[in-house]
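Me: I would like to understand how the words used for a protein model follow from its numbers. Could you take me through some of them, setting each value against its definition?

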Amino acid sequence: MKSLIVYVSVEHGNTEKVAKAISEVLGAELKEAKEVDPHALQNYELIGFGSGIFFSKFHARLLQLVTEMPQSSCKAFIFSTSGFGKTDVHEVLRKELEAKGCKIVGDFACKGWDTYKLFKLTGGINKGRPDENDLARAREFAKGLGT
Ligand SMILES: Cc1cc2nc3c(=O)[nH]c(=O)nc-3n(C[C@H](O)[C@H](O)[C@H](O)COP(=O)(O)O)c2cc1C
């Protein structure tokens, strides 16, 4: 299956680590969102979309790419790293991808080193995350995508 992982990882490279782990399992191409022509997304059967979470949203660059993406019948999955490491913040992107015609086949979240505001004073929270356990979970997630 022709697969692509599109990510944005601007803070500490947290999401990039997860994106790489997943892409290695899938044998997928790995691209930063700014390298991707939205129309080229039509060439892939499976696409993963991921970034850090900022004020409960995916990075604006990733959301913009999805807005510009043409209607598609691809399979898609969503992943993120964040202070909380929860998937509940995926809902808006999930709906946007579904509105584009994509079938969501999974989502993955883990904690990432977070130095937002006051956290910075003490070196941040989740230092060292994603760690080897998180990346092992990401690889298991990728295997479960059944490609
Ligand atoms: C300005 C700012 C806002 C953030 N907002 C949230 C948030 O709403 N929820 C959360 O769980 N983490 C939040 N974080 C933490 C980031 O999502 C986390 O550090 C993420 O792993 C960064 O990913 P990256 O290194 O791939 O860019 C925020 C961080 C920054 C700098």
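Predicted model: local features only at pLDDT ≥ 70, side-chain atom pairs only at ≥ 80, totals over all residues.

Me: Why are helix 1 and helix 4 called oblique to each other?

Reply: Helix 1 (residues 14-26) and helix 4 (residues 132-143) pack at an angle of about 40°, their axes lying 8 Å apart. Angles under 35 degrees count as roughly parallel, over 145 as roughly antiparallel, 65 to 115 as roughly perpendicular and the rest as oblique, and therefore this pair is oblique.

Me: Which residues of helix 1 and helix 4 make the contact?

Reply: With contact meaning heavy atoms within 4.5 Å, Lys17, Val18, Ala21, Ile22, Val25 and Leu26 of helix 1 meet Leu135, Ala138, Arg139, Phe141, Ala142 and Lys143 of helix 4. These residues divide into nine nonpolar, no polar and three charged, where Asp, Glu, Lys and Arg count as charged, Ala, Val, Leu, Ile, Met, Phe, Trp, Tyr, Cys and Pro as nonpolar, and the others, Gly among them, as polar.

Me: What makes helix 2 roughly parallel to helix 3?

Reply: Helix 2 (residues 60-68) and helix 3 pack at an angle of about 20°, with 10 Å between their axes. That angle makes helix 2 roughly parallel to helix 3. In this pair, Leu62, Leu63, Val66 and Thr67 in helix 2 meet Leu93, Glu96 and Leu97 in helix 3.

Me: How do you know whether Leu93 is buried or exposed?

Reply: Buried means under 20% relative accessible area, exposed over 50%, and partly exposed in between, with a 1.4 Å probe and protein chains only. Leu93 has a relative accessible area of 1%, so Leu93 is buried. Leaving aside its neighbours within four places in sequence, Leu93 is in contact with Phe49, Phe58, Leu62, Leu63, Val66 and Ile78.

Me: Why does Cys74 count as buried, and what is the distance to the nearest cysteine sulfur?

Reply: Cys74 counts as buried because its relative accessibility is 3%. A disulfide is a pair of cysteine sulfur atoms within 2.5 Å, and by this rule the count comes to zero disulfides. For Cys74, the nearest cysteine sulfur, that of Cys102, is 3.3 Å away, and Cys74 is in no disulfide.

Methods:
Residues numbered from 1 in each chain as written. Heavy atoms only, no water. Axes fitted to C-alpha atoms, helices over the stretch in contact; angles between N-to-C directions. Helix = DSSP H or I, 4+ residues; strand = E, 2+ residues; numbered from the N terminus.
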